[in-house]
Amino acid sequence: LMAQTGVRVGSLITLRGKDLQLSEEKRILDMDPREVHTKFSKYIRGRVFKFDPAFDDAILAYLRYRKERLRLGSLQPLFTKGRTSRPGSSEVVLSTDAWTNASSPSRIIADRFEAEGLPRFPAHRLRHAAAHMAMGRASSAFEIKAIAQSFGHATASLILGTYGDFSDSQLDEIIVRIGMGATGLSAKEEQLIGYIRQLNNP
């Protein structure tokens with residue numbers, strides 16, 4: 001869920017079942033600061049991005065497990081306390097208890113990265129990943145603004161400034177793509193470019 005919404009781990013552990021709506025019609029993560037811990041106590045009505053069907057499948061499988069095996073309702077924690085099944089194991093056993101702080105779930109996330117042969121990334125890296133995936137698919141300033149709003153940022157410039165850094169190779173690829181027109185132009189932009197070409201070739 002963190003990779004599909006950019007939700008911070010501190011918010012994640014205070015969510016309740018009713019705060020997530022995931023269906024074909026609605027993909028909402030509702031974070032009311034009276035119930036959910038959010039940065040600066042902001043109300044955030046985020047969205048669950050549709051990056052990969054496998055992400056949805058994993059969340060829906062967990063929601064079924066939460067309902068059928070843990071028997072948790074809409075007013076109980078969305079994600080409950082977990083622990084490794086034995087020392088040195090990456091297997092996590094869930095309980096019905098709520099998390100009391102973010103340090104343990106953050107450690108579990110880092111453990112899972114390591115168990116998959118990846119660097120021991122901090123949990124917040126998933127927020128960065130979600131931002132990069134979302135902005136990489138955006139094709140207009142309006143879409144960047146929508147992403148910013150879903151992340152709880154007041155302006156598009158804030159999310160761009162925070163998560164919009166590119167590596168040299170990414171920057172090269174983007175600049176070349178812009179020059180080739182691969183990002184797609186509106187009819188008015190095509191018309192303008194055509195007019196400029198006429199001026200340059202009388």
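Leaving aside residues up to four places away in sequence, histidine 153 touches Lys42, Arg127, Ala148, Leu158, Ile159 and Tyr163. The model discussed here is a predicted one. Histidine 153 is found in the loop that runs between α6 (141–151) and α7 (156–163). Its relative accessibility is 10%, and because buried means under 20%, histidine 153 counts as buried.

Glutamine 76 sits in the loop between α3 and β4 (82–84). Is glutamine 76 buried or partly exposed? With a relative accessible area of 35%, glutamine 76 is partly exposed, because this value falls between the 20% limit for buried and the 50% limit for exposed. The residues that glutamine 76 touches, again not counting those up to four places away in sequence, are Leu15, Arg16, Gly17, Arg66 and Arg71. Glutamine 76 can also be placed relative to alanine 98: the two are 22 residues apart in sequence, and their C-alpha atoms are 8.3 Å apart in space.

The strands come next. Three of them form an open sheet in the order β1-β2-β3, and the pairing is antiparallel. β1 (20–22) and β3 (44–47) are the edge strands, each pairing on one side only. On average, and with direction ignored, neighbouring strands of this sheet are turned by 15° against each other. Between β1 and β2 (residues 27–31), the antiparallel pairing extends over 3 bridges.

How much space lies in the largest pocket? The answer is about 950 Å³. Its lining consists of 23 residues, and those nearest the centre of the pocket are Leu1, Leu12, Phe79, Ile109 and Arg112. Two or more lining residues come from each of α1 (2–5), α3 (53–68), β5 (92–94) and α4 (103–115). Of these elements, α4 gives the most to the lining, with 5 residues. Sorted by class, the lining of the largest pocket has 18 nonpolar residues, along with 3 polar and 2 charged ones.

Conventions
Residues are numbered from 1 along each chain as its sequence is written. This is a predicted model: local features need pLDDT of at least 70, side-chain atom pairs count only at pLDDT 80 or more; totals for chains, interfaces and linings use all residues. Side-chain values use heavy atoms; hydrogens and water are left out. Helices (H or I, at least four residues) and strands (E, at least two) are DSSP runs, numbered from the N terminus. Buried means under 20% relative accessible area, exposed over 50%, partly exposed in between (1.4 Å probe, protein chains only). Contact means heavy atoms within 4.5 Å. On a 1 Å grid over the protein atoms alone, a cavity is a set of points where a 1.4 Å probe fits but cannot get out, and a pocket is an open set with protein on both sides within 12 Å along at least five of seven lines; lining residues have an atom within 4 Å of a point. Grid points are joined across faces, edges and corners, and a volume is the space filled by probe spheres set on the points. Ala, Val, Leu, Ile, Met, Phe, Trp, Tyr, Cys and Pro count as nonpolar, Asp, Glu, Lys and Arg as charged, and the others, Gly among them, as polar. Two strands pair if DSSP finds at least two bridges between them. Axes are lines fitted to C-alpha atoms, for helices over the stretch in contact, and angles run from 0 to 180 degrees between N-to-C directions.
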